[in-house]
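Please read them with the structure open.

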Amino acid sequence: MIILRPATPEDLGLLLYWDEQPHVIASDPDDDWEWEKELDRSPDWREQLIAELDGRPIGVIQIIDPAREETHYWGDVPANLRAIDIWIGEASDLGKGYGTQMMQLALARCFAKPAVTAVLVDPLVSNTQAHRFYERLGFRQIERRQFGDDDCFVYQFRRTDWQPVV
Ligand SMILES: CC(C)(COP(=O)(O)OP(=O)(O)OC[C@H]1O[C@@H](n2cnc3c(N)ncnc32)[C@H](O)[C@@H]1OP(=O)(O)O)[C@@H](O)C(=O)NCCC(=O)NCCS
């Protein structure tokens with residue numbers, strides 16, 4: 001069974017190790033997550049979550065409120081959205097359906113708040129595997145957008161398309 005739990009400073013070593021894995025670098029080449037600093041704080045516009053499979057950490061989900069996130073990465077966006085980052089740490093855990101389960105848990109967490117209208121993700125244009133992954137889950141591509149040096153597609157999952165898995 002997969003669960004999501006808050007990341008803690010004790011996850012630092014694992015997060016730094018996962019950041020060095022080639023498939024993680026390829027999906028997000030320029031990002032410095034500054035884990036040493038960020039694991040010590042919990043701003044109310046963000047959740048940093050570790051996915052565990054039967055007690056074994058396998059990946060990361062970050063959920064932010066893009067309108068309130070302090071660097072304004074998403075620019076001028078409406079209230080009541082969420083934006084998600086997701087990755088699996090070990091290459092040997094890819095392609096086994098874990099990411100799908102993690103994202104369904106994350107979407108359920110987002111839409112559990114009645115005000116949340118939609119969830120955004122921003123894969124690199126080059127990350128075609130992630131595009132298939134998001135489309136299969138029910139995300140729809142809404143725009144191509146440059147974030148700094150990163151050429152990305154923005155995908156959206158609207159509440160009206162959300163059917164909780166029972
Ligand atoms: C994107 C990511 C989170 C998807 O997670 P995942 O666990 O690999 O995804 P899934 O296993 O649920 O689905 C991916 C593939 O596995 C297949 N799959 C799904 N369930 C499966 C199962 N139970 N057994 C075997 N294969 C399965 C799917 O058909 C899919 O194949 P396809 O994309 O070639 O059609 C993961 O690939 C990842 O961490 N990538 C690197 C980081 C990244 O790109 N993050 C997104 C940045 S925006």
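In which loop does aspartate 54 lie? That is taken up in the first point below.

1. Aspartate 54 lies in the loop between β2 (46-53) and β3 (56-64). The model is a predicted one, and in it the phi of aspartate 54 is near 45°, a positive value in a residue other than glycine. Aspartate 54 is exposed, with a relative accessible area of 62%.

2. Glutamate 34 also deserves a look. Its phi is positive too, near 50°, and this residue is likewise not a glycine. Glutamate 34 sits in the loop between α2 (22-27) and α3 (35-38). With a relative accessible area of 36%, glutamate 34 is partly exposed.

3. Aspartate 65 is in the loop between β3 and β4. Is aspartate 65 buried or exposed? Its relative accessibility is 9%, so aspartate 65 counts as buried, the limit being under 20%. A polar atom of the aspartate 65 side chain lies 3.0 Å from the backbone nitrogen of alanine 67. Leaving aside neighbours within four places in sequence, aspartate 65 is in contact with Trp45, Leu81 and Arg82.

4. Helix α5 spans residues 128-137, and its buried residues are Ala130, His131, Phe133, Tyr134 and Leu137. These residues are on the same side of α5, because they cover an arc of only 160° around the axis. The face turned away from that buried side carries Arg132 and Arg136, which are exposed.

5. What do the buried residues of α5 pack against? Their partners are β4 (81-88), α4 (98-111), β5 (118-121) and β7 (150-158). After α5 comes glycine 138, with a positive phi near 120°.

6. Strand β6 (residues 140-147) runs antiparallel to β7, and seven bridges join the two. β6 and β7 form a hairpin with two residues between them. Glycine 148, in the turn, has a positive phi of about 60°.

7. The ligand is surrounded by 19 residues, and the closest are Ile88, Gly95, Gly97, Gly99 and Thr100. Oxygen atoms of the ligand are involved in each of the following polar pairs. For glycine 97, a backbone N or O atom lies 2.6 Å from a ligand oxygen. For glutamine 129, a polar side-chain atom lies 3.3 Å from an oxygen atom of the ligand. For arginine 132, an N or O atom in the side chain is 3.1 Å from a ligand oxygen.

8. On its own the ligand has 930 Å² of accessible area, and the protein covers 71% of this. Which elements give two or more residues to the shell around the ligand? They are α2, β4, α4 and α5. α5 gives the most, with five residues.

Key
Residues are numbered from 1 along each chain as its sequence is written. This is a predicted model: local features need pLDDT of at least 70, side-chain atom pairs count only at pLDDT 80 or more; totals for chains, interfaces and linings use all residues. Side-chain values use heavy atoms; hydrogens and water are left out. Buried means under 20% relative accessible area, exposed over 50%, partly exposed in between (1.4 Å probe, protein chains only). Helices (H or I, at least four residues) and strands (E, at least two) are DSSP runs, numbered from the N terminus. The arc is that of the directions from the helix axis to the C-beta atoms. Contact means heavy atoms within 4.5 Å. Two strands pair if DSSP finds at least two bridges between them. A residue is near a molecule or strand if one of its heavy atoms lies within 4 Å of it. A polar contact is a pair of N or O atoms within 3.5 Å; within protein, one must be able to donate a hydrogen and the other to accept it, and residues adjacent in sequence count only if both atoms are side-chain atoms. Accessible areas come from the Shrake-Rupley method with a 1.4 Å probe; for residues, only the protein chains shown count as cover.
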